[in-house]
Amino acid sequence: MRFKGHALAGALALTVFGALPALAVTDVKIWHMEQPPHRVQRVQELIDAFNAANPDIKVSQEPQSWGEVYAKVPAAMAAGNAPDILFAIPDFTTVIRKAGQLDSVADFVKELDAQHHFIPATVEPYSYDGGVWAVPLYNMSLNFWYHKKMFADAGIAVPTTWSEWKAAAEKLSKDGVVGVGLPANKQLYTDQTTYAVMVNNGASELFNADGTLRFDNPKTVESYAFYKDLYKFSSPDAANWTWGEAEACFASETCASILQFSVISTYDQQGGGDAADLGVAAVPHADGEKNSSTIAYSNAAIILAKDAAKRDAAKKFIAFLLEPENYGKFLNMEPGLFLPVTTDGAKSETFWSDPLVVKYKPQVEQMIANSHAGMLFGFTGGHVFPAIGPISAQNILAETLQKVVISGEDPAAAVKAGQAQMIEATK
Amino acid sequence: MASKPISSGRGGDGRIAFLLLVVPLGLLAATLIVPMVSAITISLRDIRVIGSDGPFAGLDNYARVLGDGTFWHALGISVVWVVGNAVVQTILALTAALVLNEKFPGVRVARVWIILTWIIPTVVVVIIWRWLLSPSGGMVNPLLIQLGIIDRPMGFFASGPAAMTSLILINSWRWFPFVAIMLLAGLQRIPNDIYEAAAVDGAGAIARFRAITWPLLQPTLLVLTVMGTLLSFNVFDIIWLLTAGGPAGGTETLPVLIYETAFKAYRMGDAAAMSVVASVLMIGLALVLLDRLAPKETAR
Amino acid sequence: MKRGPLGWLVLALAVLALAFLVLAPMWLVGTSSFKLPREIINRVPTWFPRSFTLQHYQKLLQTSAFPTYFLNSVLVAASSAFVTVVLALMAGYAFFRLEFRGRDLLYRLIMVAYAFPSIVILIPIYLMFAKVGLIDTDLALVLVNVTFALPFSIWMMRTFFASLPRELEEAAAIDGAGRWKTVVHVLIPLLRPGIAAIAIFAFVASWTEYLFASVLIISDAKRTLPVGLSGIIGQYQIDWGLLLAGASLSVLPVVVFFAFVGRWFVAGLTEGAVK
């Protein structure tokens, strides 16, 4: 009797304890800044699919706001409750790297590259100091959006050079219409439009090869002077603009044209959604330049987790996202805004079959074409200078622009002061 | 009247006082003084990103911060902000309080609902005014054009002074009902007979206001001014959400500068130094103002 | 006091101006939340809606966690109000009735609490709370909200106590009541309007708090309304319809709440604490 009892107890114990490892679940927390509800929903769908296929891993998401996250992430890292995966952009990554010790994911990226073939320009912003610090996930680049009918009615062809651009803006600015909606806010959007103009005048390099600043050069000054010229035709409240205001202006046809990553969502929902009238082109280049260029942001995933099991789980999820069938769905959390960073992603069925992408196919194709000529300040010419972090965080490009268009300072003086600020910020 | 209590002796007071005050004051000490001490410690070190550590820097941060024009500029903007708010809010609140002190049909309802703009969250205030002031869909520009006040849509945040004016007006719109109710309380404490007597003596409405209302409102006004000044100075969210200190630093008050220094320039040490200086200034100001208030309270 | 026709005119104009100032924005926001997107962003806005749609509210309630944010805010605000009242009663009484060393100095120092910029204490508080595991909890927010509302509430409570007639306490003492009984059964009931006023003040202050809520709360499930709303708005696009629906829905409950307790707030402050 007693023997049997012991055996039974023992067997029971063995089954329970033997089963335990199989029940151990690895938690992976993701923080990202894609807060609009439909984006959160789409990410959740992908997370649910992954969790179902991987019962030993539980991924969860916590959407954050760009406005808070610069404070929140370092604070969380200091307090020991940082997320396991963090979606970030190149300059934010340099800050995170300074705040906590990041482990290089070079091997992981190489693996993924062999499978999916990353567009090299998307990995470059994250490769420096002998390592790769994040895995590229989605791309965005600035384009020139315009209302075809408004341009046709005024007899203007799509501008490709600066002089054409200025003439077009001037001709269109009447009866309450804004020829070109350009922002002048001390904010990231203005950094982006300013750089998009600079880049089209050959002023793409902020740093010399040795890491010293070369922001203060004649090409930059010309760019700021041109922006000032164009700004005359912008909206009266543009000093307060972020991406949303520009899109609202465009959707309401108050703005004949704007610089934006994508207007497809708002245009479709609030602007009448006439695909035939929506024009997109490359940002016009200076008369002396040959080709157009633009600013491009490769968004990536940083793996902050230190625990080996969590890191593996995180890698698994990222790899899952980059699978073409999932990748298309991921990119289309905001159809037309997020572009593929991999060549097989660019051919993904699920990407091209989304209803909005189908409706605006010509525009999306043009956007992908434009993005190939994309650059990002501080991450150009094959060099990456982490000193760009504080420059970007403090919106020095935008602040310099405000000095020129709002305070009326001379562009040369403003640019000089801007360079001094940058040097100060990177000390 | 704070005179001796009836039912217990002097000795027991200290203990009871302690029991009653330990939680409320303990909470205030823990959430205010401890972090402040922490801020002082940080201000003496060269700390960049929060959470990281840095070498001892003595008073270097203070020297740099006080020697930099940006700090003084922000202080100046803060003064403009505080004074602007005080003036606009006092005018609006006093007008509202005087109106609500009268008797007319619907006054009871008005006294309750004047508070409407104060009970909505800052975020909603921001949404409302960003929309109302925007050229694409906002009502203010078309309204002003219709009334003939302007002939073209204007950018309410297009320049430093314009943005500051707009912010002051919006913040006052938000806060004046609260001040109005407090002033109304003060007004209602003035007995009617004084007014009657003055009217009998032939004093007109304006004279009555100057001789009776204004002087008797002083205590209430003083407390509101102290609290209002301190709160105004420290306002952060509405400025940050509407202009982020722009354009061109035109609305960069001290709290905004501190936030940017800490979380955008990643110079925690400098931000802490600025905060300490700001706190010292504010505490000094508060003590001076309260000194003028205190004698009236205990002399009863 | 008699008021001549000029007096009536001035008064009427002032009342109309105030009413317009307060109500017009609310009207515009509320009605526009039911307009079609095209009408909302129209260059020529309309006072009376020409279209009608519920799409913005649908999007708000179905695709976002708005109800969760709302409930969190209610919970945190109510708790903050309750704790503030209790602590203010305790401290207000102590400062008013009791004699102890440093009482006047301490009383003055309380208002100085408002001199500390919230930015300064934001990160140390975050780190402090992190050490005791209070991050992402309602308790953390309650502690911060009470801290903000307490100084003013203590000041007000003391003023209310001071406006009570001495005879009440003397009468209670003659009847043999101890201090505790006097306070609880005689004084506090008379302070009801004042207590209501403080509770409402603390509730509203907590309801609208943004800065600390945005940093101390991490998970969506615990977010409060202001932070959640600004997240729904998103920073890349402006869906005015969604925003205005969110704004309207955020204001409506407080308005309803105030419809019931509003007169206590005004009564408590204006008619003094004695009823």
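Reader: How many residue pairs are in polar contact between domain 1 of chain A and domain 2 of chain A?
Author: The model is a predicted one, and for this count both residues of a pair need pLDDT 80 or more. On the side of domain 1 of chain A that touches domain 2, α4 (90-99), β4 (127-128), α16 (355-359) and α17 (361-371) each supply at least two residues. That side has 14 nonpolar, six polar and five charged residues. Between the two domains, the residue pairs in polar contact number seven.

Reader: Which residues form the salt bridge between Lys359(A) and its partner, and how far apart are the closest N and O atoms?
Author: The rule finds one salt bridge across the interface of domain 1 of chain A and domain 2 of chain A. Chain A is divided into domain 1 (26-139 + 297-369) and domain 2 (141-295 + 374-425). Lys359(A) pairs with Asp268(A), and their closest N and O atoms are apart by 2.7 Å.

Reader: Which three residues supply 30% of the area that domain 1 of chain A buries against domain 2 of chain A?
Author: The two domains of chain A bury about 2,200 Å² between them, with 67% of it on carbon and sulfur atoms. No other three residues of domain 1 supply more of its buried area than this trio. They are Tyr297(A), Tyr360(A) and Gln363(A).

Reader: How far apart do the C-alpha centres of domain 1 of chain A and domain 2 of chain A lie?
Author: The two domains are in contact, through 25 residues from domain 1 of chain A and 26 residues from domain 2 of chain A. Their C-alpha centres are separated by 27 Å.

Reader: In which helix do Glu45(A) and Arg42(A) both lie?
Author: The side chains of Glu45(A) and Arg42(A) meet in a salt bridge, at 3.6 Å from N to O. The search of the whole structure finds 18 salt bridges over all chains. Glu45(A) and Arg42(A) are three residues apart, about one turn of the helix, and that helix is α2 (residues 37-53) of chain A.

Reader: Which helix of chain C gives the most to the side that touches chain A?
Author: Chain C and chain A bury about 2,900 Å² between them, 52% of it on carbon and sulfur atoms. Helices α2 (37-40), α3 (55-63), α6 (118-131), α11 (211-216) and α12 (225-233) of chain C each supply at least two residues of that side. With four residues, the helix that gives the most is α6(C).

Reader: How many residue pairs are in polar contact between chain C and chain A?
Author: The contact takes 29 residues from chain C and 40 residues from chain A. The count of salt bridges between the two chains is zero. With both residues at pLDDT 80 or more, the residue pairs in polar contact come to seven.

Reader: Why is chain C more spread out than a compact globule?
Author: The secondary structure of chain C comes to 13 helices and zero strands. The globule rule gives 19 Å for 275 residues, and chain C is well over that, so it is more spread out than a compact globule: its radius of gyration is 23 Å.

Reader: Which helix gives the largest share of the side of chain B that touches chain C?
Author: Chain B and chain C bury about 9,200 Å² between them, 79% of it on carbon and sulfur atoms. In this contact, 104 residues of chain B meet 99 residues of chain C. The rule finds five residue pairs in polar contact across the interface, both residues at pLDDT 80 or more. The largest share of the chain B side, 21 residues, comes from helix α1 (residues 10-43) of chain B.

Reader: Which residues of domain 1 of chain B lose the most area to domain 2 of chain B?
Author: The domain assignment gives domain 1 (7-43) and domain 2 (59-293) of chain B. The area buried between them is about 480 Å², of which carbon and sulfur atoms give 72%. Three residues together make up 83% of what the domain 1 side buries: Met36(B), Ile42(B) and Ser43(B).

Definitions and conventions
Residues numbered from 1 in each chain as written. Chains lettered and ligands numbered in written order. Predicted model: local features only at pLDDT ≥ 70, side-chain atom pairs only at ≥ 80, totals over all residues. Heavy atoms only, no water. Contact = heavy atoms within 4.5 Å. Buried area = accessible area lost by both parts, 1.4 Å probe. Salt bridge = Lys/Arg side-chain N within 4 Å of Asp/Glu carboxyl O. Polar contact = N/O pair within 3.5 Å; in protein donor to acceptor, adjacent residues only side chain to side chain. Domains from an automatic or database assignment. Nonpolar A, V, L, I, M, F, W, Y, C, P; charged D, E, K, R; others polar. Rg over C-alpha atoms; globule rule 2.2 N^0.38 Å.
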